[in-house]
Amino acid sequence: MFTFWFLFDSVLKHTEKADSIIKNNLQNWDFKRIAELDKILLRMGIIEILFIDQVPPKVSITEMVEISKVYSTEESPKFINGILDSVYNNYMKHKKSWLSMLLSRLFGTKSEREMKKLAPTIKKINQTIEGN
């Protein structure tokens, strides 16, 4: 079950990975110049996107943006949205390429007729992975 303490513990355990992801998504900006609150919100958003399936990624991004509107700088919401959206898009690309590899290994090369039979199963797998 997802709780605040689970998120808190996950952020502490994965701070280095989250910081590395933040740095990889910065454009013309130095990590050291990011406000501490923004770093915390970015870490929380990244951990939710990557590790907490109970929170849809778009909800996580919205939550972090909304918190930044209240407690951080005027520029923070746009900045946080941009970084987390980039993280999410990269994550989905990675997930989809992993899914393609998995499906090709599971089902191999099939005829068009066989693939039509497998289409509902593949669609369910896609929906599960994409969180729909």
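In the predicted model, helix H4 covers residues 57-71, and its 15 residues should span 21 Å at 1.5 Å a residue, which agrees with the 21 Å that separates its end C-alpha atoms. The buried residues of this helix are Ser60, Ile61, Met64, Val65 and Ser68, and because they cover an arc of only 130° around the axis, they are placed on the same side of H4. On the face of H4 that is turned away from the buried side, the exposed residues Lys69 and Val70 are found.

Helix H3, which comprises residues 36-51, has 16 residues and reaches 22 Å from its first C-alpha to its last, close to the 22 Å expected at 1.5 Å a residue. Of these 16 residues, 12 are buried, so H3 is largely enclosed by the rest of the structure. The buried residues of H3 include the charged residues Asp38, Lys39, Arg43 and Glu48, and also Leu41, Leu42, Met44, Gly45, Ile46, Ile47, Ile49 and Leu50.

The axis of H3 comes within 9 Å of that of helix H1 (residues 4-13), and the two axes cross at roughly 105°; H1 and H3 are therefore roughly perpendicular to each other. At their contact, Leu7, Ser10 and Val11 of H1 meet Arg43, Met44, Ile47 and Glu48 of H3, a set that by class has 4 nonpolar, 1 polar and 2 charged residues.

The loop between helix H2 (15-25) and H3 contains Asn28, whose phi is near 55°, a positive value in a residue other than glycine. As a general rule, most residues other than glycine have a negative phi. With a relative accessibility of 81%, Asn28 counts as exposed, because the cut-off for that class is over 50%.

Taken as a whole, the protein has 6 helices and 0 strands, and its elements, followed from the N terminus on, run α-α-α-α-α-α. Buried residues account for 34% of the 132 residues in the protein. Among the contacts between residues at least 6 apart in sequence, 63% join residues that are at least 24 apart.

Key:
Residues numbered from 1 in each chain as written. Predicted model: local features only at pLDDT ≥ 70, side-chain atom pairs only at ≥ 80, totals over all residues. Heavy atoms only, no water. Axes fitted to C-alpha atoms, helices over the stretch in contact; angles between N-to-C directions. Helix = DSSP H or I, 4+ residues; strand = E, 2+ residues; numbered from the N terminus. Parallel < 35°, antiparallel > 145°, perpendicular 65-115°, else oblique. Contact = heavy atoms within 4.5 Å. Expected span 1.5 Å × (residues − 1). Buried < 20%, exposed > 50% of the residue type's maximum accessible area, 1.4 Å probe, protein only. Arc of directions from axis to C-beta.
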